[in-house]
Amino acid sequence: MTSQPAFEFTVSGIPLWLMCEYLIELGGQQVADDTIKGEGWQADVTKVEDARIGSLRVGRVHLRVQGDAKVLQQLRPRLEKKLVRAGG
């Protein structure tokens, strides 16, 4: 998927497997370890370097979602709602 609308951000405190699970709950299917595809969208999820606060380390993942603009407009707020609720 190239030259399509996209959104991306890095999220702390969510493990890669859980981010993938959220995307599956939103209608996607896992097609590779780091790729989830849904109708009209594709998400690439990548583990990035942990954030460090003193001796504390917090895991982070980078998410890039591409697809149809109308589909992304509906998908993004649904995903963001899962990311702010404790326990998804």
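User: Hi! In what sense do strand 1 and strand 5 pair, and over how many bridges?
Analyst: Hello! Strand 1 and strand 5 are antiparallel, paired over seven bridges. Two strands count as paired if DSSP finds at least two bridges between them. Helices (H or I, at least four residues) and strands (E, at least two) are DSSP runs, numbered from the N terminus.

User: Thanks. What should I know about the model and the numbering?
Analyst: The model is predicted, so local features need pLDDT of at least 70 and side-chain atom pairs count only at pLDDT 80 or more, while totals for chains, interfaces and linings use all residues. Residues are numbered from 1 along each chain as its sequence is written, and side-chain values use heavy atoms, with hydrogens and water left out.

User: Which residue in strand 5 is the bridge partner of Phe9?
Analyst: Leu63 is the bridge partner of Phe9. Leu63 also has Val45 standing opposite.

User: How many bridges join strand 4 to strand 5?
Analyst: There are 11, and the two strands run antiparallel. They form a hairpin with two residues between them, and Gly54 in the turn has a positive phi of about 65°.

User: Back to strand 1: which residues make up the covered face and which the uncovered one?
Analyst: Phe7, Phe9 and Val11 are on the covered face, while Ala6, Glu8, Thr10 and Ser12 are on the uncovered one. Phe7 and Phe9 are both buried, where buried means under 20% relative accessible area, exposed over 50% and partly exposed in between (1.4 Å probe, protein chains only).

User: Why is the pair of Phe7 and Phe9 rings called stacked?
Analyst: Rings of Phe, Tyr and Trp (its six-membered ring) pair if their centres lie within 6.5 Å, and planes under 30 degrees apart count as stacked, over 60 as edge-to-face and the rest as tilted. The count by that rule is one aromatic pair. The pair is stacked because the centres of the Phe7 and Phe9 rings are 5.9 Å apart and the planes are at 15°.

User: Nice. Which residues have the most contacts inside the largest nonpolar core?
Analyst: Met19, Leu23, Trp41, Leu63, Val65, Leu79 and Leu83 do, in a core of 21 residues. Strand 1, helix 1, strand 4, strand 5 and helix 2 each give two or more residues to this core, and helix 1 has the largest share with five residues. A nonpolar core is a set of buried Ala, Val, Leu, Ile, Met, Phe, Trp, Tyr and Cys residues joined through side-chain atoms within 4.5 Å.

User: What is Leu79 in contact with, leaving aside neighbours within four places in sequence?
Analyst: Leu79 is in contact (heavy atoms within 4.5 Å) with Phe7, Phe9, Met19, Tyr22, Leu23, Leu26 and Leu63.

User: And Lys82, buried or exposed?
Analyst: Lys82 counts as buried because its relative accessibility is 13%. Lys82 is found in helix 2 (residues 69-84). The side chains of Lys82 and Glu25 are joined by a polar contact of 2.6 Å. Such a contact is a pair of N or O atoms within 3.5 Å; within protein, one must be able to donate a hydrogen and the other to accept it, and residues adjacent in sequence count only if both atoms are side-chain atoms.
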